[in-house]
Amino acid sequence: MGIDKETTRQEDKETWCDPVSPCLPVSPSPCLAMRGREFSATAWLCIGLVGVAAFVGCGKADPPQFRLNMMNVVAKQVAPQHQQAIANILGAMFGTPDKPYAMPETGLDQKKLNMAAGPVWSDQAGEDHGLYRRHCAHCHGISGDGHGPTADILNPYPRDYRPGVFKFKSTYTSAEPTEADLLRIVHDGIPGTAMPSFALLPPDQRAALVEYVKYLSIRGEMEKALEDYVADNLDPGDKFDPASNAETKKLILDDMLKPIVEAWQTAKDQVIVPDEKSIPPDNRTVAQIADSADKGRELFYGTQANCVKCHGPTALGDGQQDDYSDWNKATHDFIQATNAKLAEMEALRKDLTKAKGDDAEHIKEQIRSTQKEYKEREAVIATLLPPRHAIPRNLREGILRGGRRPIDIFWRISAGIRGMPMPASGPAAPGAPGTLTQEQIWQLVDYVQSLPFEPASQPLKKGPVNSSAVSTGE
Amino acid sequence: MKHFWALVFLMVPVCGVLTFIIAPHYNVWFPKDISANGHVIDHLFMFILWLTGIIFVATEGALFYFAWKYNARSNPEPVKFSHGSHTLEVVWTILPAVTLLFIAIYQMNAWADAKMRRPHIPVTAEITGRQFNWDVRYPGKDGVLHTPDDIVRTDGDIHFPSGEEVLLIIKSQDVLHSFFLPNIRLKQDVVPGMDQYMWFKVPEPAVVDIVCAELCGWGHYKMQGRATFEPRPAFDEWLSQKYTEQESHRVAEAPIQ
């Protein structure tokens with residue numbers, strides 16, 4: 001650049017400095033401090049930096065990292081050194097988003113994880129790599145926190161895998177989903193949401209993605225277990241290092257990891273299998289189905305099943321609409337607790353006006369620590385998705401997110417929808433008593449299936465055609 | 001170099017024509033046409049391509065000729081502007097107008113076939129675009145949509161019968177989409193709250209892509225599907241298989257995908 005040092009003007013400096021900002025570290029660029037004649041030396045240094053930054057800094061972004069669940073960390077007031085310790089332990093157990101590690105104790109498949117993880121690229125044979133980041137991460141996030149860059153504009157929000165809670169599954173209420181359940185969601189998508197179908201991917205890629213979702217869930221559940229343990233059992237000064245302490249290691253592997261992994265591995269034994277005797281025969285007449293649906297209708301409005309409470313007397317989902325899902329409830333509660341801190345500080349300040357001497361000092365200290373926690377909480381809230389109410393399904397649209405097969409609807413009613421206000425009407429575990437019998441659940445299934453075809457639902461059936469010039473085919 | 005600009009402008013028609021000559025060899029030309037009527041669209045495209053191509057080469061050639069002949073170095077005299085010729089103005093207004101009018105009339109039948117002359121047959125399927133998936137609803141045994149025996153699929157694997165006319169209703173659940181079958185040369189924008197119709201015939205069995213051709217949001221690129229065309233018996237067999245699957249009451253009947 002042929003800029004004479006006598007004629008250097010403010011604009012020149014600005015144009016030189018601006019492109020730097022995205023590349024250089026946060027420290028202010030030296031260019032900004034220059035004036036007139038001092039320009040040359042610093043300016044050339046600056047150009048050099050731009051050049052170096054352009055080649056080194058901009059080309060390569062830092063590899064993405066798993067982030068701790070700050071909502072839990074702050075809510076539980078986990079000390080900074082313990083946060084670091086937890087991050088280290090998780091790193092040793094699960095690796096990084098670029099290099100995931102399938103710890104033998106987790107029973108995860110390393111090959112599948114490698115296929116799903118890492119940056120997006122295709123090799124010369126045309127094989128795709130980095131499947132999770134290619135297909136999922138922009139909604140579900142690198143850490144599986146359901147807060148990728150596109151999450152804010154979605155309704156419903158993408159699933160946060162970390163609590164290990166899944167809605168559409170074949171198992172008893174509190175059990176994890178089976179592999180087949182997750183595969184089905186990946187294959188069919190979730191109608192009525194932004195979750196598309198990935199049926200066009202080869203089966204091994206879908207299986208790899210499901211394995212990675214399990215991996216993120218187990219990692220998230222493990223993180224919560226660690227944070228809760230540290231917060232409940234250790235003082236901020238205590239050491240938490242499984243590498244140097246066999247007891248800690250045993251605690252982590254046997255008391256924390258094992259139950260989490262077991263829940264996933266035993267999911268397939270938790271599938272709700274309807275009793276063969278309860279299943280309606282295939283060759284029912286229209287009248288028989290209508291009769292069963294009528295009984296289902298009675299249950300729908302009855303106090304025993306009480307579907308009407310949320311789905312509304314019209315079944316349009318216009319009943320109780322101010323409930324929360326578990327995920328939104330957690331955010332909602334966190335915000336409520338943060339607001340409570342504000343009230344707490346107010347009360348302390350009032351006390352301070354009356355207090356004297358040591359008492360006053362003590363209260364001042366309390367105010368300081370409350371204020372610190374409040375600030376931390378506010379910073380976390382700024383990163384959270386604003387909580388939304390769980391709106392019960394409009395059953396007249398015929399869009400059933402968890403699948404439209406009778407068995408899907410049976411599972412939904414029997415086990416409820418985990419993480420949602422929808423309660424289980426069947427048994428909570430094999431052999432336990434349920435609110436409804438299986439026969440009654442099948443009657444409800446018939447009623448739910450008949451709802452979109454009632455005359456009251458039918459106006460949705462047909463839309464206007466774009467032009468009268470189009471001859472009507474009918 | 002006194003002919004620098006002349007040569008630069010010569011590169012425009014040369015590169016332009018070259019692009020079209022080599023494109024088919026690098027597989028960046030049209031996708032294979034599998035439909036009975038797609039050749040009409042292709043013919044229109046080629047006709048207009050040749051028409052505009054010839055005019056393009058001719059005008060670019062004239063531009064090159066003038067730039068070569070009247071380059072600044074050999075012609076120190078400044079240009080004299082005239083106030084134009086009435087005859088010329090009329091000619092170059094009427095010629096394009098007639099050409100455009102000709103194209104407008106020439107394509108009318110193709111347009112009417114593709115968008116106006118809807119066949120009087122029952123609807124084969126209803127396609128619903130949603131952010132970001134193509135869902136399909138088949139009318140089932142009774143041939144009527146929105147009855148309990150409908151077959152609804154959300155996996156983007158859409159089957160149609162080959163060797164016969166297919167009529168689709170296209171809808172949107174949320175925003176503007178466009179149902180695009182490149183191999184059939186058909187594209188239909190979808191407007192929320194409206195029913196759009198689309199019809200075509202694919203003589204031979206084939207498997208082709210479905211894409212969304214209207215930017216519908218951040219996940220627009222995810223809105224793909226696969227259209228499988230198969231003879232009527234195979235299509236009916238597939239439908240009844242999907243119907244059985246949809247009716248499953250038992251765990252064992254629910255296949256693992």
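Let me start with a term: a residue is buried if 20 or more other C-beta atoms, placed from the backbone, lie within 10 Å of its own, exposed if 12 or fewer, and partly exposed in between. By that rule, 25% of the 257 residues in chain B are buried.

A word on what you are looking at, everyone. This is a predicted model, where local features need pLDDT of at least 70, side-chain atom pairs count only at pLDDT 80 or more, and totals for chains, interfaces and linings use all residues. Residues are numbered from 1 along each chain as its sequence is written, while chains are lettered from A and ligands numbered from 1 in written order.

Now the overall form. The C-alpha trace of chain B spans about 90 × 35 × 35 Å along its principal axes.

Chain B has 5 helices and 10 strands, counted as DSSP runs (H or I, at least four residues; E, at least two) numbered from the N terminus.

In chain B, the axes of helix 1 (residues 4–22) and helix 2 (residues 38–69) come within 8 Å and cross at roughly 165°. Those axes are lines fitted to C-alpha atoms over the stretch in contact, with angles from 0 to 180 degrees between N-to-C directions. So helix 1 of chain B is roughly antiparallel to helix 2 of chain B, the term for angles over 145 degrees.

Methods. Parallel < 35°, antiparallel > 145°, perpendicular 65-115°, else oblique.
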